[in-house]
Amino acid sequence: MKLSVVLSTHAVQFEAATFKGELNSNLAKIAGWGYDGVELAIRDPGLVDADELLGMVSAQGLEVPAIGTGQAWGEEGLSFTDPDPAIRAAAIERTIAHVPFAARSGAVIIIGLLRGIVKPDVGQEQAMDWVVEALRQSCAAADAHGVRIALEPICRYETTLINNTADGLELLDRVGAENMGLILDTFHMNIEEPVIEDSIRACGDRIFHFHVSDSHRWYPGSGHLDFASILNALYSTGYQGYVSGEWLPNPDADTSAEKGIAFLRQLSL
């Protein structure tokens, strides 16, 4: 089992970015606890020195399995579904701007809330059409560099656009890009999926990345989810990617990361 945890390259409002900033010290701690990789949350790749960042990651013996893009929504309000076409275009441009770093690192580009919400005076169907078109453009640009994009089904309390795996699979069919798949997250699945394991198996080889947090979005082992069963279902699909921790830094980031990996490593899979 290859394990990673989320590190934001800058300070951020998003609470479930487990580690934020202080790159050298946080990368050293993440490696020291035994993680194999670090999932980087990057708001704007233009603000990151790719050579320096990849050098710091490599110096700790870590890989970068995925890049989170949600800060562009949370900090700047960019989304694929904004009524303003300039904002929609900027969201697509921001997604494509991650491609060079993703190509160098081998990372999957994650689309979470960058897809947006259904805003007033915009219909659900129109919003979905915008999402599909944005993803087609982004996937075409990424495919030229061998980069994959993963859309995350997110629970109903955050958006009405693609809440569960069935929605996600339908979206993949509409987009029609081989380099697009899903990232599944146990926190959202616990809310939206009747049986988490069945939904994982239904996604099969369309799972490109996998987030774990427990039922209350703390580290695994602190809530009531059956991670042995969940991860056995994941690996039954042939999944060979990372299991990545995206949880609230409670009681603090260090404790959650240390306890989370200790719990996951002792599972019988």
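Modeller: In this structure the charged end of arginine 148 sits over the ring of phenylalanine 208, 4.2 Å from the ring centre. Keep in mind that the model is predicted.

Colleague: Which ring has arginine 88 over its face?

Modeller: That of tryptophan 130, with arginine 88 at 3.8 Å from the ring centre.

Colleague: How is a pair of aromatic rings described?

Modeller: By two values, the distance of the centres and the angle of the planes. By the rule used here, the count comes to 3 aromatic pairs. One of them joins tryptophan 218 and tyrosine 219: the ring centres are 6.4 Å apart and the planes stand at 40 degrees, so the pair is tilted. Tyrosine 235 and tyrosine 239 also form a tilted pair, with 6.5 Å from centre to centre and 40 degrees between the planes.

Colleague: Is tyrosine 219 buried or exposed?

Modeller: Tyrosine 219 is buried, at a relative accessible area of 11%, while tryptophan 218 is partly exposed at 29%. In the other pair, tyrosine 239 is buried at 9% and tyrosine 235 is partly exposed at 25%. The cut-off that matters here is 20%, under which a residue counts as buried.

Colleague: Next, the helices. Which residues of H1 are buried?

Modeller: Leu23, Asn26, Leu27 and Ile30. To see how they are arranged, look down the helix axis: the buried residues of H1 fall within an arc of 100 degrees, so they line one face of the helix. Asn24 and Gly32 are exposed on the other side of H1. After H1 comes glycine 34, with a positive phi near 105 degrees.

Colleague: Which residues of H2 are buried, and where do they lie around the axis?

Modeller: In H2, residues 50-59, the buried ones are Leu53, Leu54, Met56 and Val57. Their arc around the axis is only 155 degrees, which puts them on the same side of H2. Asp51, Ser58 and Ala59 are exposed on the other side.

Colleague: What covers the buried residues of H2?

Modeller: The cover includes helix H1 (23-32), strand S3 (37-41) and helix H5 (99-105). Leucine 54 gives a case at the residue level. This residue of helix H2 counts as buried at 17% relative accessibility. With neighbours within four places in sequence left aside, leucine 54 is in contact with Phe101, Arg104 and Ser105. Leucine 54 and serine 105 are 51 residues apart in sequence, yet their C-alpha atoms are 7.6 Å apart in space.

Colleague: And the ends of H2: what caps the N-terminal end?

Modeller: Aspartate 49 does, through a side-chain oxygen that lies 3.1 Å from the backbone nitrogen of aspartate 51. H2 is followed by glycine 61, which has a positive phi near 70 degrees.

Colleague: Last, the nonpolar core. How many residues does the largest one have?

Modeller: It has 74 residues, and Leu171, Ile200 and Phe210 are those with the most contacts inside it. Helix H6 (residues 124-143) supplies the largest share of this core, 9 residues. Another core, of 6 residues, lies apart from it; among them are Ala66, Ile110, Ala150 and Ile183.

Colleague: Which residues is phenylalanine 210 in contact with, leaving aside its neighbours within four places in sequence?

Modeller: They include Ile183, Leu184, Ile200, Ile230, Leu231, Leu234 and Val243. Tyr239, the buried member of a tilted pair described above, is also in contact with phenylalanine 210.

Terms used. Residues are numbered from 1 along each chain as its sequence is written. This is a predicted model: local features need pLDDT of at least 70, side-chain atom pairs count only at pLDDT 80 or more; totals for chains, interfaces and linings use all residues. Side-chain values use heavy atoms; hydrogens and water are left out. Rings of Phe, Tyr and Trp (its six-membered ring) pair if their centres lie within 6.5 Å; planes under 30 degrees apart count as stacked, over 60 as edge-to-face and the rest as tilted. Buried means under 20% relative accessible area, exposed over 50%, partly exposed in between (1.4 Å probe, protein chains only). A charge sits over a ring if NZ of Lys or CZ of Arg is within 6 Å of the ring centre and within 35 degrees of the ring normal. Helices (H or I, at least four residues) and strands (E, at least two) are DSSP runs, numbered from the N terminus. The arc is that of the directions from the helix axis to the C-beta atoms. Contact means heavy atoms within 4.5 Å. A polar contact is a pair of N or O atoms within 3.5 Å; within protein, one must be able to donate a hydrogen and the other to accept it, and residues adjacent in sequence count only if both atoms are side-chain atoms. A nonpolar core is a set of buried Ala, Val, Leu, Ile, Met, Phe, Trp, Tyr and Cys residues joined through side-chain atoms within 4.5 Å.
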